[in-house]
Amino acid sequence: MDFLTIIQIGDSTIRLATPLLLACLAGLFSERSGIIDIGLEGKMLISAFFSAAVAALTGSVWLGLLAGVAAAVIFSLIHGLASITFRGDQLISGVALNFLASGMSVLIAQDIFAQGGRTPSLSGDARFASLDLPFAEALSGVPILGPIYSDMLSGHTILVYVALLAVPATWYVLFRTRFGLRLRAVGENPGAVDTAGVSVKRLRYGAVLICGLLSGLGGAYLSTGLAAGFTQEMTAGRGYIALAALIFAKWRPWQALGACLLFGFLQAVSNRFNSIDLILFEIPNAFVLALPYILTVVILAGFVGRAVPPRAGGTPYVKER
Amino acid sequence: MTSMSKILGAAATLALSAGAALAEPGLIIDLGGKFDKSFNESAYTGAQRWVEETGGDYVETELQSEAQREQTMRRMAERGANPVVVLGFANASTLEKVAPDYPDTNFVIIDEQVDQPNVKSIKFAEHEGSYLAGMMAAIASETGTVSFVGGMDVPLIRKFACGYAQGAKAVNEDIEVIQNMTGTTPAAWNDPVKGGELTRSQISQGSDVVYAAAGGTGVGVLQAAADEGIYAIGVDSNQNYMHPETMLTSMVKRVDNAVYDAFEAAEAGTLETGLEVLDLESEGVALAMDENNEDLVTEEMRTAIDEAKQQIIAGEIEVHDYTETDSCPVEM
């Protein structure tokens, strides 16, 4: 494998990891606050649809992004309403939202565009254009680092950089702010937070709102950044892989970046090579694609360290009277 | 009240008699959807043309999942549709089971052969059309590398790939042909994001012409090709209009004609069961030439393709069909 191939695979890895990363951080906020969110897939899907649909209708990708994020936030609020206010089962609410997104997106698309549940192809301003980082052109001649910067890191859409910046931002918010401390506490021991006079409900609602925002960005990236339009079920399980990445990263932001890059890398490799030829035996493509799930199971089984979820995850908080 | 029930009764009788008299043709649109801009859409267009030209009526349903195949086929037959046209190789095993239960109904299956007395099987010589597409790609390529993106990894799609590779190698023996399949489940027909990513990966390996035989996934392939400024070749329907600057051509499979002819033959009572292969000679497969790609098609391409087409029809060039041996004679 030569250097150029590595750069190209790196480039592809970043593109493929971005939606995973946004969804993974979304899940991180939600689950750290004690709200399990299996509905990431549905939120990404509904955002992918609304951002593509509004972008197609108005010709502006920014209005599309706004609509997509708004849709995902509304879905988050429904999830919050069911699991925080009404103390329902968080898994059931999440699964229901996934089904709702899957059906609703196609139904509305068919009604507006009559193209079999897809939006028209987007072009021009209705899509995110690729963004060149400063000095990308000038630095491309520098050996090794030049191509890494100008070919691998530069030339992605703005959402890719937003996703990458969201990692330190998440770390800062969670571990260096008062809000973050309380958020983590509410996921571990909501009773203690309540005793301290802080509203558990408000914190958890804050977390699911951030979750909606981030997963909305992820969905918009799929339909208006990577592809040019919405198609039925276009998230293709990325929300679930993001959940796997979250477990793999043991609910920590920097590790989440690592996990998403690893999973993106595995996808990029399987796209690039039909099978991987190790001298003694050949690894089939399907195995590489299954690796993220296998790794997650290995982690969950406790072979490599232990993955301990936030203690209060999945249990609605009932205030003592 | 009594008058109401009379009206209802009359309506019911009317509905019943309408049901019995129904001998309209039926069309079951396959997974991928009516507007996949490709295989299913082509069938739909054929049916629509038949409606416009004959003023006839037909019944249509669209599959939503793999599990509905048998149920939908049976319901269509029980409603009295004749013939029932099903699209795609994935229906073969179901049809094998359903067809004997409805001996008075004729079935038409496209893309696969089912040996039942009341089934007409229509297959296309995709390898021949893809061969011509491969030739055109090889002539257009400047890098000496061309590529192929398939949908679900099945013999039929490998048939496209193999014909394409043979055509490319016929023009330039040293040309490299990269081949990627999107997946191994029916979801592979509907993943434009992955299609685009596969295309970018092929471009980074030097490909400057990509041929997509991937249903809805192909939309992403053609889009990525347009974004990166390389040539693309569409499939099944004429997709030249989608990106006029970069669409070299489309390997058109006249599914529309097959559906149209089946409907028409059924109306005239001349539908013959058995196998029919639509090839270059019967214009069942062809390269689409229209105003969208006329600037991209050079004189050299035209002559080479016309010549090869005549030779294939005359049997001077034998294009290998992947599905006959489950292997391809050329390296990919």
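Mentor: Let's start with one pair of residues: Ile110(B) has Ile122(B), in S5(B), as its bridge partner. Before we zoom out, some housekeeping. The model is predicted, so to speak of a local feature I need pLDDT of at least 70, side-chain atom pairs count only at pLDDT 80 or more, and totals for chains, interfaces and linings use all residues. Residues are numbered from 1 along each chain as its sequence is written, while chains are lettered from A and ligands numbered from 1 in the order in which they are written.

That pair belongs to two strands that run parallel, S4 (residues 107-110) and S5 (residues 119-124) of chain B, which are joined by four bridges. (Strands here are DSSP runs of E with at least two residues, helices are runs of H or I with at least four, and both are numbered from the N terminus; two strands pair if DSSP finds at least two bridges between them.)

Now widen the view to the sheet around them. S4 and S5 sit in an open sheet of six strands of chain B, ordered S2-S1-S3-S4-S5-S11, and the pairing is parallel. At the edges you'll find S2 (59-62) and S11 (274-278); each has a single partner strand, so one side of each has no neighbour in the sheet. From one strand to its neighbour, the turn is 15 degrees on average, direction ignored. (For angles, axes are lines fitted to C-alpha atoms, for helices over the stretch in contact, and values run from 0 to 180 degrees between N-to-C directions.)

A helix goes with this sheet too. H9(B), residues 255-268, lies across S1 (26-29), S3 (84-87), S4, S5 and S11 of chain B, and runs at about 170 degrees to S4(B). (Contact here means that two residues have their C-beta atoms, placed from the backbone, within 7 Å.)

Next comes another sheet in chain B. This one is also open and has six strands, in the order S7-S6-S8-S9-S10-S12, but its pairing is mixed. Here S7 (176-183) and S12 (285-287) stand at the edges, and because each has a single partner strand, one side of each is left without a neighbour in the sheet. The twist averages 15 degrees from one strand to the next.

S6 (residues 145-152) pairs with S7(B) over seven bridges, in the parallel sense. One pairing you can look up there is Phe148(B), whose bridge partner in S7(B) is Gln179(B). Helix H7(B) lies across S6, S7 and S8 (209-213), and its direction is at about 160 degrees to S7(B).

In all, 20 residues of chain B are in contact with 21 residues of chain A. On the chain B side, H7 (192-204) and H8 (217-228) each supply at least two of the touching residues, and H7(B) gives the most, with eight. Sorted by class, that side has five nonpolar, ten polar and five charged residues. (Ala, Val, Leu, Ile, Met, Phe, Trp, Tyr, Cys and Pro count as nonpolar; Asp, Glu, Lys and Arg as charged; the others, Gly among them, as polar.)

Finally, step back to chain B as a whole. It is divided into domain 1, made of 2-125 plus 256-278, and domain 2, made of 127-253 plus 284-325. (The bounds come from an automatic or database domain assignment.) Taken over C-alpha atoms, the centres of the two domains are 30 Å apart. Where they meet, 14 residues of domain 1 are in contact with 19 residues of domain 2. Helix H2(B), residues 39-54, provides the largest share of the domain 1 side, three residues. By class, that domain 1 side has six nonpolar, three polar and five charged residues.
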